[in-house]
Structure formats: C-alpha cells, structure tokens
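Subject: Structure handover

Hello,

Here is the structure I said I would pass on. My notes on the helix packing and the aromatic rings follow below.

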Amino acid sequence: MTGITIRPLTRHDQGVWQFLWHEALVYFGADDAAFETMPVLWDRLLAPDEPLKGWLILWHGVAAGLAHVVLRLHTFSARPVGILEDLWISPPARRQGLAEACIAHLTHEGCAQGWIRLEWETDEDNLVAQALYDRMAAAVPVKRYKVDLI
C-alpha cells in the first residue's frame, strides 16, 4: 500500500473535496438537496466544535478519495463512537488498497482519540465492499429502521 496518504481535510482542500463529493453524490443518485447542502457540509467538516470530521485520501500525491466520520455519544460509555458515514474512492483509484488503508488509519485515529469503536454500514448488495469489510471488522447482526421526517 505504498503511495497512500490519509490526512485530515484543510481549507486548502475545498476544490478537490467538492470534486470527490460531487462524484460520490452523482454515483449514488443523490437528490438535489444533497448537492445544495455541500457548502454547509464543507463548513461543518472544518468547524472544530462540530462532531463531523473529514479526511482526504491521496494516492501518489493526488486526491483520490475521502472519508467522513460523525462522532456520537454512547449511552453505555463515556467515550464517543465513530460512525464512518462516507468512504468514497474515485473509480479510477479503486482496487489499490485505499479503502483498506483508510479504515486502518481511522481505526488508529479512533484509538488515539479515545473512541470506543468505529462502525459503518453498507448496502446489502455491495459485495465488493463487504469482502473488504469482512476481513477488517466484525459484522453486526442488527436491522436498521428509519422514519423519514422530511
């Protein structure tokens, strides 16, 4: 996994972050509201008092992916849980070990910052990602529910 660098987002990354996040939104068929929220999301990613954190994934010095983690409180622990909300690798950079390196980096980061765990979800039919995730983490047998409010 040489040539991979993962680092926190900085103000100087706005252009490459916008490109990568736009690419992800198009790929996943996001609605217009997701695109309109990009400026708010960017501000939150850089605000030190927000629970949303972002990382840029570089492959041979070129921005090739991103990760967003939401830190949330946990009722069984005084330590936060890191929720890997988004892990996006640009299609030309896939299958180079970037996602695996990012999860390993976030695991190390979480340990250093005192998170109780790092967790994430993926679609049931995302078998390529699940093959990686099954090597790196334990699947949790829970069913997730939601009520759309808007």
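The crossing of α1 and α3 is right-handed (left-handed would mean that the near helix is turned anticlockwise from the far one by less than a right angle, and right-handed that it is turned clockwise). Helices here are DSSP runs of H or I with at least four residues, strands are runs of E with at least two, and both are numbered from the N terminus. This is a predicted model, in which local features need pLDDT of at least 70 and side-chain atom pairs count only at pLDDT 80 or more, while totals for chains, interfaces and linings use all residues. Residues are numbered from 1 along each chain as its sequence is written, and side-chain values use heavy atoms, with hydrogens and water left out.

Helix α1 covers residues 14–27 and helix α3 residues 38–46; they pack at an angle of about 125°, with axes 11 Å apart. That makes α1 oblique to α3 (under 35 degrees is roughly parallel, over 145 roughly antiparallel, 65 to 115 roughly perpendicular, and the rest oblique). Axes are lines fitted to C-alpha atoms, for helices over the stretch in contact, and angles run from 0 to 180 degrees between N-to-C directions.

From α1, Gln14, Trp17, Gln18, Trp21, His22 and Leu25 meet Met38, Leu41, Trp42 and Leu45 of α3. By type, the residues of this contact are seven nonpolar, three polar and no charged (Ala, Val, Leu, Ile, Met, Phe, Trp, Tyr, Cys and Pro are nonpolar, Asp, Glu, Lys and Arg charged, and the others, Gly among them, polar). Ring pairs also link Trp17, Trp21 and Trp42 into a cluster.

Leucine 46 is also in helix α3. Its relative accessibility is 18%, so leucine 46 counts as buried (buried is under 20% relative accessible area, exposed over 50%, partly exposed in between, with a 1.4 Å probe and protein chains only). Leaving aside neighbours within four places in sequence, leucine 46 is in contact with Leu9, Thr10 and Arg11 (contact means heavy atoms within 4.5 Å).

The whole structure has six aromatic pairs (rings of Phe, Tyr and Trp, the last by its six-membered ring, with centres within 6.5 Å; planes under 30 degrees apart are stacked, over 60 edge-to-face, the rest tilted). One of them joins tyrosine 27 and phenylalanine 28, edge-to-face, at 5.0 Å centre to centre and 85° between the planes. Tyrosine 27 is exposed at 51%, and phenylalanine 28 is exposed at 58%.

Regards
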